[in-house]
Amino acid sequence: MKAIRFCEYGSPDVLKLEEIEKPVPNDNQVLIKVRAASLNFIDPGLMRGPIPLRLMTGLRKPKKTRFGNDLAGQVEAVGKNVTKFKPGDEVFGVGRLTLAEYACASERGLVIKPANVTFEQAGCVAWAGFTALQGLQTGKIAAGQKVLINGASGGVGTFAVQIAKAFGAEVTAVCNTAKVDLARSIGADHVIDYTKEDFTRSEQRYDLIFDNVCNHSRAERSRILTPNGICVLAGIGGAGQHEGQLSRIGGTLKAFLASRFSRQKFQMYGTTTKQEDLVVLRDLMAAGKVTPVIDRTYKLSETAEAMRYFEEGHARGKVVITVEQNEQASIGQ
């Protein structure tokens, strides 16, 4: 089969479409013919290998030469212990090394794809959807709350806006001028254009802030939280390396630690694979309450181009990689 590989760290030019062995599922895995996958926040870091990350991924060269987590496709084969799926089933969720024609996935990392959702939409749900849903759950999302989403127009943010609305919250989305209409189209009750207005100077108070950017101080965000409000520290801005990342990481840690002694909480969390959360996301999509927002779609052979665009950090929703079986084109040729 063909798959995306990178045998050295660097720019998207290191990404190559190469012929490799087709994977074989173990007793608890499902082999999937991939129809779509997507890029996520961690992928540029794996490719470029910043020094702190290399302590885990390999100092001089990457130990693992492939990446990709999200996927949607058709079940090709199942291990002997798999009971929930059979060949031919259309599924989506989390797999291993999914930027390829075939990928393996654990049975507990998959669910059946709703009929009203395309492979492209389903292939971009898992990691961004988990991050949004689990962050809102960390913030104790509830019907009737006033919720602000800072960074509402990217892959995670577009899921967060829709999930918060589905849970019955009154949602305020923060984005730039070019994405105001997008935020309204996915259900935001109010939209703040950060190029024209600083949301931390508003007179409105929020029960929950889902902060996907973390570009304001703890004091500024505390000002617009209710006395028992929660600010969920979900991210540090767009994908790829950009100015201010280190200061945002430092500010996030400082806000988290300082809030241990306050009624207002600044909460950190880690995104994990949970089948029950995948079921929630599936059901919300099936009911038409959540529709994945796709900015651009690229072929597997165009992954380097997709990564270049993704690293700019301005995507409106998700960047999706579609997989046509037996692709003949090769990156770099």
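Tutor: In this predicted model, six strands form an open sheet in the order E10-E9-E8-E11-E12-E13, and their pairing is parallel. In general, the strands of a sheet pair through backbone hydrogen bonds, in either a parallel or an antiparallel manner. The edges of this sheet are strand E10 (190-193) and strand E13 (265-267); each has a single partner strand, so one side of each is left without a neighbour in the sheet. From one strand to the next, the twist averages 15 degrees.

Cys 175 has Asp 193 of E10 standing opposite.

Helices also pack on the sheet. H4 touches strand E8 (146-150), strand E11 (206-211), strand E12 (225-233) and E13, and the direction of H4 makes about 145 degrees with that of E11. H5 lies across E8, E9 and E11, and runs at about 165 degrees to E9.

Both helices also meet helix H9: the buried residues of H9 pack against helix H4 (126-138) and helix H5 (155-166), as well as strand E5 (90-94) and strand E7 (110-112). Those buried residues are Gln 275, Asp 277, Leu 278, Leu 281, Leu 284 and Met 285. H9 covers residues 275-286; at 1.5 Å a residue its 12 residues should span 16 Å, which agrees with the 16 Å between its end C-alpha atoms. After H9 comes Gly 288, with a positive phi near 80 degrees.

Notes:
Residues numbered from 1 in each chain as written. Predicted model: local features only at pLDDT ≥ 70, side-chain atom pairs only at ≥ 80, totals over all residues. Heavy atoms only, no water. Helix = DSSP H or I, 4+ residues; strand = E, 2+ residues; numbered from the N terminus. Expected span 1.5 Å × (residues − 1). Buried < 20%, exposed > 50% of the residue type's maximum accessible area, 1.4 Å probe, protein only. Contact = heavy atoms within 4.5 Å. Pairing = 2+ DSSP bridges. Axes fitted to C-alpha atoms, helices over the stretch in contact; angles between N-to-C directions.
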